[in-house]
Amino acid sequence: MLSQAPPYWQCRDRRLDLHSVAVMGVVNVTPDSFSDGGKFMDPEHATAHGFDLIAEGADILDIGGESTRPGAEPVSADEELRRVLPVVERLRQTGVLLSIDTAKAAVARAALEAGAHIVNDVTALRGDPEMADVVADFSAGVVLMHMQGTPRTMQANPTYKDVVSEIREFFSERRRAAHAAGIADECIVFDPGIGFGKTVEHNLAILRRLGEFLLLGRPVLAGPSRKSFIGKVLDVPVDDRLEGTAAAVAVAVWNGAAIVRVHDVRAMKRVAQMTAAVRDGL
Ligand code: HH2
């Protein structure tokens, strides 16, 4: 194992084994997500998509009702809840780990009450002052993701002296804030936030140097799936980024990512498994 982190992620009463790479499948219940916006807008379609991803081997489903793509319009908590709650309620019966992709404490709380296990907060508990308490109250798993700026502004002119060390410092600071709110270390996962306030070169450096985040002793999640840095390197549109995503997932796993967040679960599960086998043996 490359990671110094204990090989599990505590998410309420569930302990996700991270001896093998966990695949988090994306379920977007949004009209405007960058790669699948509008495809699974109603709960029926989104739930059916969740079932498909479970059949493809997803270990976690990440359910989101608000796009975070650059320039996206914010939605109200009521609208977000209307989108995601029926999907959480239906998918909870499958027993798969459920993550709620939200920056709103009210949405997180309702999803946790409906049976979700993880809060995936792209603001790393900075967006809503109540969020840390909600995560602590439920002993939920939490993804602390790095973002420079906000989704509306983040791609304007992202600048860093050293992107990897700045993200590492951010993780340490957010971890302290989480502890102060009563969140246990074993519930925390770090995510460098590929595409969130980063240039193509920043995203490539994050993947190349992902192993440096492991020194913090927590599992690392990477979310390169179909993102625009792949489009820029390969000059391909969003619906033609499977191979680019595969290469990014392979590098992330090679460098110690414990969890990958992807749209194409079947293919990326195989990529992750094969890369881990080359890295560690069977
Ligand atoms: N990326 C997206 C959304 N949420 N959460 C984490 N932890 N890490 C990520 O890299 C990440 C994320 C963007 O992808 P997607 O959900 O497909 O698009 P949108 O935000 O437009 O719905």
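The largest pocket in this predicted model has a volume of about 510 Å³. Its lining is made of 31 residues. Phe-34, Thr-68, Ile-194, Phe-196 and Lys-227 lie nearest the centre of the pocket.

The largest share, three residues, comes from H7.

Now turn to the nonpolar cores. In soluble globular proteins, nonpolar side chains tend to be buried together. The largest nonpolar core here has 74 residues. Ile-63, Leu-125 and Ile-183 have the most contacts inside it. Take Leu-125 and leave aside its neighbours within four places in sequence. Leu-125 is then in contact with Met-131, Ala-132, Val-135, Val-142, Leu-144, Arg-174, Ala-178 and Ile-183. A second core is separate and has 14 residues, among them Cys-11, Ala-22, Ile-60 and Val-189.

Arg-12 sits in the loop between strand S1 (8-11) and strand S2 (14-17). Its phi is near 55°, a positive value in a residue other than glycine.

Ser-139 is in the loop between helix H4 (131-138) and strand S7 (141-145). Phi of Ser-139 is near 50°, a positive value in a residue other than glycine. With a relative accessible area of 40%, Ser-139 is partly exposed.

Key: Residues numbered from 1 in each chain as written. Predicted model: local features only at pLDDT ≥ 70, side-chain atom pairs only at ≥ 80, totals over all residues. Heavy atoms only, no water. Core = buried A, V, L, I, M, F, W, Y, C linked by side-chain atoms within 4.5 Å. Buried < 20%, exposed > 50% of the residue type's maximum accessible area, 1.4 Å probe, protein only. Contact = heavy atoms within 4.5 Å. 1 Å grid on protein atoms, 1.4 Å probe; cavity = no way out; pocket = protein on both sides within 12 Å on 5 of 7 lines; lining within 4 Å. Points joined across faces, edges and corners; volume = space filled by probe spheres on them. Helix = DSSP H or I, 4+ residues; strand = E, 2+ residues; numbered from the N terminus.
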